[in-house]
Amino acid sequence: MKHLTHIILLSVVLSLFGCSDRRATSVLNHADSLLSTHPDTVLVMLDSLRAERSSDMSRRQKMRLELLRADAQNKAFVNFTTDSVMREVTAYYDAHGTAQERMRAHYLLGCTYRDMGDAPRALECYHDAIDKADTTSADCDYKLLSRVYGQMAGLYRRQNMLTQSIEHLDKMQVYSLLSGDTISFIITQDQIGSIYGLMNNYDSLLAIKNRVVQLYKSRGLYTHAAISLGTTIYAYLANKDYLQAKRMMDIYETKSGHFHTNGDIAKGKEIYYYTKGSYYLDIQKYVFTTSYYSIFCE
């Protein structure tokens with residue numbers, strides 16, 4: 001229904017203006033305003049515009065269309081399969097664009113290589129995007145800059161370069177705050193805590209997660225808080241704090257939204273069963289060892 005509404009709106013906009021240049025610009029502006037909330041709709045709109053008006057559009061309009069389309073594709077989680085369009089778009093904005101446009105183009109080119117499995121080229125493009133940003137400008141897109149650092153952190157994490165991942169998440173949270181995006185800041189803190197867990201630094205994990213949970217709760221994000229607590233279970237097991245481990249398990253299973261009504265966990269979250277199994281194995285060992293030493297010492 002939303003797709004249909006915006007397609008109808010597109011048709012109305014196209015019919016309102018006599019000048020093709022104004023028609024295309026109006027649609028592109030409208031598409032840009034919808035990117036954050038309706039990227040899938042934007043893809044439909046821009047594909048329609050491309051098919052109906054491409055021959056009437058200026059080169060700048062065509063490049064803007066492709067830039068917006070790539071942004072919508074990325075936000076809608078539609079994988080890039082070729083770099084040919086974004087290479088052309090990036091070259092155009094390097095020659096004719098503003099600092100914001102150049103940063104955006106290089107960021108999206110990096111996302112293209114990310115989807116194509118070329119991590120080194122993706123990182124190179126993300127570095128280029130950072131270099132293109134004008135952080136001295138009053139209208140610097142700090143939110144986009146935070147996403148650039150977030151993408152880099154994700155690539156480093158997948159390559160098990162955990163220290164580098166934390167370094168880039170630290171940068172991400174700085175620019176999240178500068179953009180006024182406090183939720184992104186909290187989520188970034190949450191991710192940092194999880195990485196400390198991968199490094200077996202459980203004290204740092206617990207300190208960060210406990211702070212993050214309070215921040216989530218203060219904003220009414222109780223499901224987020226419960227999901228975050230799920231990653232503390234193994235830390236409590238490592239510290240042999242079985243009471244807290246069980247408490248976190250109960251919260252995670254009842255408040256995270258990851259479990260069906262029959263008690264089965266949602267697809268993709270099955271790793272939790274490993275943690276839960278570890279808890280029961282540790283409890284069994286603990287009870288056996290405690291009983292053994294109790295008898296031995298009598």
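Modeller: Before we start, a word on terms: axes are lines fitted to C-alpha atoms, for helices over the stretch in contact, and angles run from 0 to 180 degrees between N-to-C directions. Also, this is a predicted model.

Biologist: Fine. At what angle do α4 and α5 cross, then?

Modeller: Roughly 125°, and the axes of α4 and helix α5 (residues 84-96) come within 10 Å. That angle makes α4 oblique to α5.

Biologist: Which residues make that contact?

Modeller: From α4 you have R59, R60, M63, R64, E66, L67 and A70, and from α5 there are V85, M86, E88, V89, Y92, Y93 and H96. Sorted by class, the contact of α4 with α5 has eight nonpolar, one polar and five charged residues.

Biologist: And is the crossing of α4 and α5 left-handed or right-handed?

Modeller: Left-handed.

Biologist: Let's move on to α8 and α9. How do their axes sit?

Modeller: Helix α8 (residues 142-158) and helix α9 (residues 162-178) have axes that come within 8 Å and cross at roughly 165°. Angles over 145 count as roughly antiparallel, so α8 is roughly antiparallel to α9. The crossing where α8 passes α9 is left-handed.

Biologist: Which residues of α8 and α9 meet?

Modeller: On the α8 side it's Y142, L145, S146, Y149, G150, M152, A153, Y156 and R157. They meet L162, Q164, S165, H168, L169, K171, M172, Y175, S176 and L178 in α9. By class, the contact of α8 with α9 has eleven nonpolar, six polar and two charged residues.

Biologist: What about α12 and α14, how far apart are the axes?

Modeller: 8 Å, with α12 and helix α14 (residues 242-255) packing at an angle of about 135°. That makes α12 oblique to α14. Here too you get a left-handed crossing as α12 passes α14.

Biologist: Switching to pockets. What volume does the largest pocket have?

Modeller: About 800 Å³. There are 27 residues in its lining, and S194, K209, I227, G230 and T231 lie nearest the centre of the largest pocket.

Biologist: Which helices supply at least two residues each to the lining of the largest pocket?

Modeller: α10 (182-198), α11 (202-218), α12 (222-230), α13 (233-238) and α15 (272-297). α10 gives the most to the lining of the largest pocket, with six residues.

Biologist: How does the lining of the largest pocket divide by class?

Modeller: Twelve nonpolar, eleven polar and four charged.

Biologist: And how much space is in the second largest pocket?

Modeller: About 670 Å³. The second largest pocket is lined by 22 residues, and those nearest its centre are S36, D71, K75, L144 and R147.

Biologist: How many charged residues are in the lining of the second largest pocket?

Modeller: Ten, alongside six nonpolar and six polar.

Methods
Residues numbered from 1 in each chain as written. Predicted model: local features only at pLDDT ≥ 70, side-chain atom pairs only at ≥ 80, totals over all residues. Heavy atoms only, no water. Helix = DSSP H or I, 4+ residues; strand = E, 2+ residues; numbered from the N terminus. Parallel < 35°, antiparallel > 145°, perpendicular 65-115°, else oblique. Left-handed = near helix turned anticlockwise from the far one by under 90°. Contact = heavy atoms within 4.5 Å. Nonpolar A, V, L, I, M, F, W, Y, C, P; charged D, E, K, R; others polar. 1 Å grid on protein atoms, 1.4 Å probe; cavity = no way out; pocket = protein on both sides within 12 Å on 5 of 7 lines; lining within 4 Å. Points joined across faces, edges and corners; volume = space filled by probe spheres on them.
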